[in-house]
Amino acid sequence: MIDLAELKQTLCSAFCADVGIRSSGDMVSVSLPMTARDGDSFCIYLSRSRSGWRLSDAASTMMRLSYENDLAKLLTGPRLRLYETILAESGLQEDDGELFAEVPADQLIAGMFRVGQGLSRIEDIALWTRSRVESTFYSDLRAAILATVPAEDVTEGYTPDFEGGEDYQVDYRIEAPARPLFVFGVNGKDKARLTTITLLKLKASGTRFDSMIVCSDIADLPRADESRLLSAANDIVPNIANVTAIREKIEHRRA
C-alpha cells in the first residue's frame, strides 16, 4: 500500500529542490521545473499587486520567438487566433510583448503553473509550419461563408456554364439578387495566378457575376500577383483572420 504522506513529502522536497528563487530588483524571479524549447527553464517574475500577485515573463517568451521568426508574420491568421485563445485560456494578458497575469495571494502556486503552461503553448506556436497553417485556410473560409449565408444559397466547387468550364472552377458561388457572387480562396502565389486566369476567362465568356478574393495573408504574395488580383476582382479580404470583413462584403453583395 502506498504511503500517501510519505509520497507527498517526497514530491514536495523534489519540487522545492528544482525551483530556483532569487531577488531581482523589486521583483522575485522563480525558475520553474518546466523547460522552454531552447533548454532553459521558464522563469516567472513575481511582484505584489492589489489582488495578490502579478506574474510576468518580462517579455522573455516573445524575445525567444523573435530569434527565429518575424513576429509580425508569425502572429497572423490561424496562428494569431491560436495565440489569442491561449492567452484567454491561461488568464494571460500582453503589454508590449510582456505576458502577465494577476492572481489572488492564495492561488500563487496554481497561477505560476498555469502561466508556465501558457508560455510553453505560446512558444509552440512557432512549430506551426506554413503548410499546417495553410491546411486550415479552406476550412476557415468555408466556416466563415456558411456562418454568413444559408447553405442552400451556397454552391461549393461551382463549375461555370461554358465549354471547358471544368477547368475554371469557382471555390464558392453565393446567390445574390443582382448576380451571383463568386468567392475564391487564395493561400499562395500559385492559387493567386490560377484565380486571376479564372476571373479573366469568366469575364471573357460573358458570365455575369461579382467576385471576392479571400487571402490567407496577402502580404505573402509577390507584388505582381497581388496587383493582378486587385485588378481582376471586385472585392478582396487581405487576411482570412478578418472574418468581419468577409461577412460585411458578402452581405453587401446580397443586399
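**Entry 1: aromatic pairs**

I began with the rings and found that the structure holds four aromatic pairs. Rings of Phe, Tyr and Trp (its six-membered ring) pair if their centres lie within 6.5 Å; planes under 30 degrees apart count as stacked, over 60 as edge-to-face and the rest as tilted. I noted that this is a predicted model, where local features need pLDDT of at least 70, side-chain atom pairs count only at pLDDT 80 or more, and totals for chains, interfaces and linings use all residues. Residues are numbered from 1 along each chain as its sequence is written, and side-chain values use heavy atoms, with hydrogens and water left out.

I looked up Phe137 and Tyr138. Their ring centres are 4.9 Å apart and their planes are at 70°, so the pair is edge-to-face. Are the two residues buried or exposed? Here I needed the cut-offs: buried means under 20% relative accessible area, exposed over 50%, and partly exposed in between (1.4 Å probe, protein chains only). Phe137 is buried at 1% relative accessibility. Tyr138 is partly exposed at 32%.

Next I took Phe182 and Phe209. The centres of these rings lie 5.0 Å apart and the planes are at 15°, so this pair is stacked. Phe182 sits in strand 9, and Phe209 in the loop between helix 8 and strand 10, so the pair ties together parts that are 27 residues apart in sequence. For the element numbers I used DSSP runs, counted from the N terminus: helices are H or I with at least four residues, strands are E with at least two. Phe182 is buried, at 1% relative accessible area. Phe209 is buried too, at 9%. Ring pairs also bring in Tyr158, which forms a cluster with Phe182 and Phe209.

How many residues of strand 9 are buried? I found six of the six, residues 181–186, so the strand is largely enclosed by the rest of the structure. In a regular strand the side chains alternate between the two faces of the sheet. I checked the directions here. Leu181, Val183 and Gly185 point one way, Phe182, Phe184 and Val186 the other way, and all are buried.

Then I listed the pairings. Two strands pair if DSSP finds at least two bridges between them. Strand 8 (residues 170–174) runs antiparallel to strand 9, with three bridges. Tyr172 stands opposite Val183, and Ile174 opposite Leu181. A hairpin of six residues joins strand 8 to strand 9.

On the parallel side, strand 9 pairs with strand 10 (residues 210–215) over six bridges. Phe184 stands opposite Ile213 there. Strand 9, helix 8 (residues 189–204) and strand 10 make a right-handed β-α-β unit. Right-handed means that, with the strands pointing away from the viewer, the path from the first strand over the helix to the second runs clockwise.

I went back to strand 8. Five of its five residues are buried, so strand 8 is largely enclosed by the rest of the structure. Strand 7 (residues 154–158) pairs with strand 8 in the antiparallel sense over four bridges. In strand 8, Ile174 is the bridge partner of Val154.

**Entry 2: the nonpolar cores**

A nonpolar core is a set of buried Ala, Val, Leu, Ile, Met, Phe, Trp, Tyr and Cys residues joined through side-chain atoms within 4.5 Å. The largest one has 27 residues, and those with the most contacts inside it are Ile44, Leu46, Leu55, Tyr83, Leu92, Met112 and Ile122. Which element gives the largest share? I found helix 5, with five residues.

I followed Met112. Leaving out residues up to four places away in sequence, Met112 touches Val30, Leu32, Ile44, Leu46 and Leu55. Contact means heavy atoms within 4.5 Å. Apart from this core lies another, of 18 residues, including Cys215 and Leu221.

**Entry 3: helix 4 and two serines**

I checked the length of helix 4. The expected span is 1.5 Å times one less than the number of residues. With 14 residues, helix 4 should span 20 Å, and its end C-alpha atoms are 20 Å apart, which agrees. Among its buried residues are Tyr83, Ile86 and Leu87. Just after helix 4, Gly91 takes a positive phi of about 70°.

Ser47 is in strand 3 and is buried at 16%. Its contacts include Asp26 and Trp53. Ser60 is in helix 2 and is buried, at 16%. Ser60 and Leu99 are 39 residues apart in sequence and 8.6 Å apart in space, C-alpha to C-alpha.
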